[in-house]
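Let's take a friendly tour of a protein together. Have a look at the structure below, and then we can walk through its main features.

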Amino acid sequence: MDVSNLSYLVGKEHEEEARAIIEQNEGLLQKVRFRNPKITLILSIVLGILAIDRLYQSGVKVFLCKLAILLLTFGVWWLVDIGYSIRFTQERNYEEIKKMASAA
């Protein structure tokens, strides 16, 4: 993993903080399992109506929550959630860096 992609993976607002964490913890980038924001966007557009994108991003709990919201809003939330998919992935990647740094 290259540090130059960090802005893309965690967002511009967390880039400096993430770089500082990575510089303090050698080898942290090899331990963190990043989610790709482009794959998330594609999943959100193609399979978001079934909430499959949230399975890729977070897991079963968020998947079930999105599925319930989709059913309650008759699928309208799918369109709104497409805009949030990249941001949600970047936030998750940043949280993963912080979690791995605190565990080390």
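**Ile97 and its surroundings**

Setting aside neighbours within four places in sequence, Ile97 is in contact (heavy atoms within 4.5 Å) with Leu6, Val10, Ala18, Ile21, Ile22, Leu28, Val32 and Phe34. This is a predicted model, in which local features need pLDDT of at least 70, side-chain atom pairs count only at pLDDT 80 or more, and totals for chains, interfaces and linings use all residues. Residues are numbered from 1 along each chain as its sequence is written, and side-chain values use heavy atoms, leaving out hydrogens and water.

**The core**

- A nonpolar core is a set of buried Ala, Val, Leu, Ile, Met, Phe, Trp, Tyr and Cys residues joined through side-chain atoms within 4.5 Å.
- The largest one has 13 residues, and Leu6, Val10, Ala18, Ile22, Leu28, Phe34 and Ile97 touch the most other members.
- At least two residues of this core come from each of helix H1 (6-10), helix H2 (15-24), helix H3 (28-31) and helix H7 (76-103).

**The overall fold**

- The protein has seven helices and zero strands; these are DSSP runs, with helices being H or I of at least four residues and strands E of at least two, numbered from the N terminus.
- Its C-alpha atoms fill a box of roughly 45 × 25 × 20 Å along the principal axes.
- Among contacts with a separation of 6 or more, 63% join residues 24 or more positions apart.

- Of the 104 residues, 38% are buried, meaning under 20% relative accessible area with a 1.4 Å probe, protein chains only.

Note on methods: Buried < 20%, exposed > 50% of the residue type's maximum accessible area, 1.4 Å probe, protein only.
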